[in-house]
Amino acid sequence: VSRRSTKGPRRRQGRAGPPSGFLARMRLRLSTLTALASYGSASNSDCKYFGDITFVIDRSSSIGDKLPLIQNFTLELIKGFDLSPETAQASVVAFNHDASVISELTSDLSTLENIEIPAVKGYTFISNALALGEQVLYRTAGQRGKINGRSPGKLLFLLTDGEQSCIRPNGTSWEGDDQGSDGCDGQLDKCLEYCDKPSAEARAEAISQADEIKAQNDDLLVYAVGFASANRQTLRAIASPPASDTNYSFFDSDLTTVLEYFKTNDLCTTATQPRPPPPPAPPPPPPCARAGASQQERRRSQPRPGALRPPLSRQDRTTRSWLAPASWA
């Protein structure tokens with residue numbers, strides 16, 4: 001006797017849909033491509049910047065599949081300058097825990113259009129990238145002298161998605177120091193690094209390297225841009241002063257927002273504008289009345305600003321004249 005199955009008809013199982021993470025990545029890529037497509041590709045011949053530009057681009061593992069978008073974005077920034085031997089030249093440096101020159105300074109747009117940044121991998125070592133970017137601007141091929149009595153400007157544009165996660169051994173610097181430290185002698189293969197997770201020490205080293213190249217080159221303008229897990233305060237410290245989101249530093253967690261920002265805030269126009277004056281230096285601390293004095297004693301020993309003698313009470317001013325101590329004579 002055959003038994004009729006009490007189960008309902010089998011449903012044909014279709015293929016499972018794409019995971020939500022995949023859809024999110026595709027939406028992000030589509031929005032970024034849309035932003036790049038509306039960016040424009042013509043050279044900005046109206047902006048006449050006379051100077052050399054180095055684009056320092058992060059290619060560490062956290063960049064992931066955004067590297068082609070970042071490379072296209074870099075190219076669009078380059079096209080915003082009028083490239084010629086008499087105006088602007090551009091170069092590209094890429095970095096992870098190492099740093100390498102992708103293109104020396106050139107005014108040939110076709111050369112820059114055909115660059116290829118190596119695949120992403122590794123840690124983030126901003127210090128070496130800043131040092132190499134400065135070296136390209138000042139010490140390598142493509143240097144120019146004065147033209148019509150003007151020296152070319154120098155612009156270093158940093159783009160990163162994270163914080164520094166490498167440090168140099170024993171705090172050695174790129175060029176060494178006056179205390180006998182050999183440093184790296186300007187050679188990357190001597191810059192052995194310790195790489196781990198981002199730390200306060202690593203962040204301080206990146207800021208210190210930026211301070212060093214800015215102090216050595218008065219004409220250098222450093223523009224620091226970050227997205228994703230980059231640290232806004234670190235970017236501001238790396239950038240030229242006054243550093244804020246309206247001057248030479250910009251951060252947003254979304255790369256698409258960064259692209260949109262530079263559509264309305266042209267990099268070439270920013271580079272040609274006069275630099276805002278730096279904030280005034282804080283006043284020096286007042287001298288102590290004597291060594292080891294307490295804070296209250298030091299406060300008492302300091303005369304009021306503009307005062308020639310201690311203040312008198314109302315009664316003192318009306319009943320007697322004030323006699324200065326001999327120490328005030």
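Lys79 is buried, with a relative accessible area of 10% (buried means under 20% relative accessible area, exposed over 50%, partly exposed in between, with a 1.4 Å probe and protein chains only). Keep in mind that this is a predicted model, where local features need pLDDT of at least 70, side-chain atom pairs count only at pLDDT 80 or more, and totals for chains, interfaces and linings use all residues. Residues are numbered from 1 along each chain as its sequence is written, and side-chain values use heavy atoms, leaving out hydrogens and water.

Lys79 sits in helix H2 (helices, H or I, are DSSP runs of at least four residues, and strands, E, of at least two, numbered from the N terminus). Its C-alpha atom is separated by 9.6 Å from that of Glu113, 34 residues apart along the chain.

Now for the helix pairs. Two packed helices are described by the angle between their axes and the distance between the axes. Axes here are lines fitted to C-alpha atoms, for helices over the stretch in contact, and angles run from 0 to 180 degrees between N-to-C directions.

| Helix pair | Angle | Axis distance |
|---|---|---|
| H2 (residues 67–79) and H7 (residues 255–264) | about 10° | 11 Å |
| H4 (residues 126–139) and H5 (residues 200–216) | roughly 15° | within 8 Å |

H2 and H7 are therefore roughly parallel to each other (angles under 35 degrees count as roughly parallel, over 145 as roughly antiparallel, 65 to 115 as roughly perpendicular and the rest as oblique). On the H2 side, Ile70, Phe73 and Leu77 make the contact, meeting Leu255, Val258, Leu259 and Phe262 of H7 (contact means heavy atoms within 4.5 Å). By class, that contact has seven nonpolar, no polar and no charged residues (Ala, Val, Leu, Ile, Met, Phe, Trp, Tyr, Cys and Pro count as nonpolar, Asp, Glu, Lys and Arg as charged, and the others, Gly among them, as polar).

H4 and H5 are therefore roughly parallel to each other too. Their contact uses Ile126, Ser127, Leu130, Ala131, Glu134 and Arg139 of H4, along with Glu205, Ala206, Gln209, Ala210, Ile213 and Gln216 of H5. Sorted by class, this contact has six nonpolar, three polar and three charged residues.

What about the loop between H5 and E7? Asn217 is found there. Asn217 is buried, with a relative accessible area of 10%, and touches Glu134 and Tyr138, not counting residues up to four places away in sequence.
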